[in-house]
Amino acid sequence: MTQPVLHTPRLKLVPLADEHLGLEIELDSDPEVMRYLDGRASSRAEVEAAHRRRLAAALEVPGLGLWAGFDEEGFVGWWLLRPPHGPDQPQVDGEADLGFRLLRRRWRRGYATEGARELIRYGFAELGLDRIFAQTLAVNTPSRATMAAAGLSFVRAFPCSGGDENLVPGIAQGEVEYEITRATWQNGTGRRS
């Protein structure tokens with residue numbers, strides 16, 4: 001199964017492709033967007049390398065990957081649903097990591113939650129996943145609020161596995177993980193309109 005095009009009331013989510021590289025460069029070159037990730041804007045070379053990794057991630061498990069999101073005004077950001085891949089994400093069949101990154105001018109409009117909910121629906125209803133989780137820095141309250149609004153619940157806090165305390169604000173406070181299971185989603189407690 002290849003990644004399908006997904007739709008929400010306001011978004012069209014298309015599988016990430018080479019044609020989206022310029023949009024990724026715009027997104028990742030904003031230091032505020034990257035504040036809780038690298039603590040600084042990414043260079044073009046760094047974004048190009050990340051783009052290649054993102055495309056490769058879409059080949060790991062059929063149906064999973066990254067999606068570029070668009071509304072009637074244009075590019076909004078990207079969303080991902082991919083196999084666990086980090087040092088604090090053990091490989092477990094039936095699980096996927098949820099993520100999102102939006103242009104700053106698109107913040108606080110509900111797009112992150114809207115896209116996340118669609119990927120959760122897709123992951124459980126179409127891929128048959130058992131668990132979807134998301135991780136962020138403990139101090140990243142906007143992302144934590146989005147995770148909760150999308151139906152995920154707090155699971156744990158844990159120390160960061162890397163990063164520079166001088167660049168990334170709050171990294172010393174660690175990371176958090178939120179999750180939703182298929183059972184929770186199916187009984188409606190994870191679905192919010």
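This is a predicted model: local features need pLDDT of at least 70, side-chain atom pairs count only at pLDDT 80 or more; totals for chains, interfaces and linings use all residues.
Helix α3 spans residues 111-126 and comprises 16 residues. From its first C-alpha to its last, α3 reaches 22 Å, close to the 22 Å expected at 1.5 Å a residue. The helix is mostly covered, with twelve of its 16 residues buried. The buried set consists of Tyr111, Ala112, Thr113, Glu114, Gly115, Ala116, Glu118, Leu119, Ile120, Tyr122, Gly123 and Phe124. Glycine 128, which follows α3, has a phi near 70°. Arginine 108, in the loop between β5 and α3, has a positive phi of about 60° although it is not a glycine. Arginine 108 counts as exposed because its relative accessible area is 77%, over the 50% cut-off.

The largest nonpolar core contains 30 residues, of which Trp79, Leu81, Leu98, Leu119, Ile120, Ile132 and Leu152 touch the most other members. At least two residues of this core come from each of β4 (74-82), β5 (95-102), α3, β6 (131-137) and β8 (175-181). The greatest contribution is that of α3, which supplies seven residues. Another core, of eleven residues, lies apart from the largest one and includes Leu27, Met34, Ala68 and Trp78.

Glutamate 179 counts as partly exposed because its relative accessibility is 24%, a value between the cut-offs of 20% and 50%. With neighbours within four places in sequence left aside, glutamate 179 is in contact with Arg131, Ile132, Phe133, Gly151, Leu152, Ser153 and Val155. The C-alpha atoms of glutamate 179 and alanine 96 are separated by 9.9 Å, although the two residues are 83 residues apart along the chain.

Two histidines were also considered. Histidine 20 is located in the loop between β2 (12-15) and α1 (21-28). Histidine 20 counts as buried because its relative accessible area is 5%, under the 20% cut-off. Leaving aside neighbours within four places in sequence, the contacts of histidine 20 are with Val14, Pro15, Ala68 and Phe70. Tryptophan 78 is 58 residues from histidine 20 along the chain, and the C-alpha atoms of the two are separated by 9.9 Å.

Histidine 51 is part of helix α2 (residues 44-57). Histidine 51 counts as buried because its relative accessibility is 4%, again under 20%. With the same exclusion of neighbours within four places in sequence, histidine 51 is in contact with Leu16, Ala17, Asp18, Leu21 and Glu24.

The second largest pocket holds about 180 Å³ of space. Its lining is made up of Val61, Pro62, Leu64, Pro83, Pro84, Gln91, Val92, Asp93, Gly94, Glu95, Leu127 and Leu129. By class, the lining has eight nonpolar, two polar and two charged residues.

Technical notes. Residues are numbered from 1 along each chain as its sequence is written. Side-chain values use heavy atoms; hydrogens and water are left out. On a 1 Å grid over the protein atoms alone, a cavity is a set of points where a 1.4 Å probe fits but cannot get out, and a pocket is an open set with protein on both sides within 12 Å along at least five of seven lines; lining residues have an atom within 4 Å of a point. Grid points are joined across faces, edges and corners, and a volume is the space filled by probe spheres set on the points. Ala, Val, Leu, Ile, Met, Phe, Trp, Tyr, Cys and Pro count as nonpolar, Asp, Glu, Lys and Arg as charged, and the others, Gly among them, as polar. Helices (H or I, at least four residues) and strands (E, at least two) are DSSP runs, numbered from the N terminus. Buried means under 20% relative accessible area, exposed over 50%, partly exposed in between (1.4 Å probe, protein chains only). Contact means heavy atoms within 4.5 Å. The expected span of a helix is 1.5 Å times one less than its number of residues. A nonpolar core is a set of buried Ala, Val, Leu, Ile, Met, Phe, Trp, Tyr and Cys residues joined through side-chain atoms within 4.5 Å.
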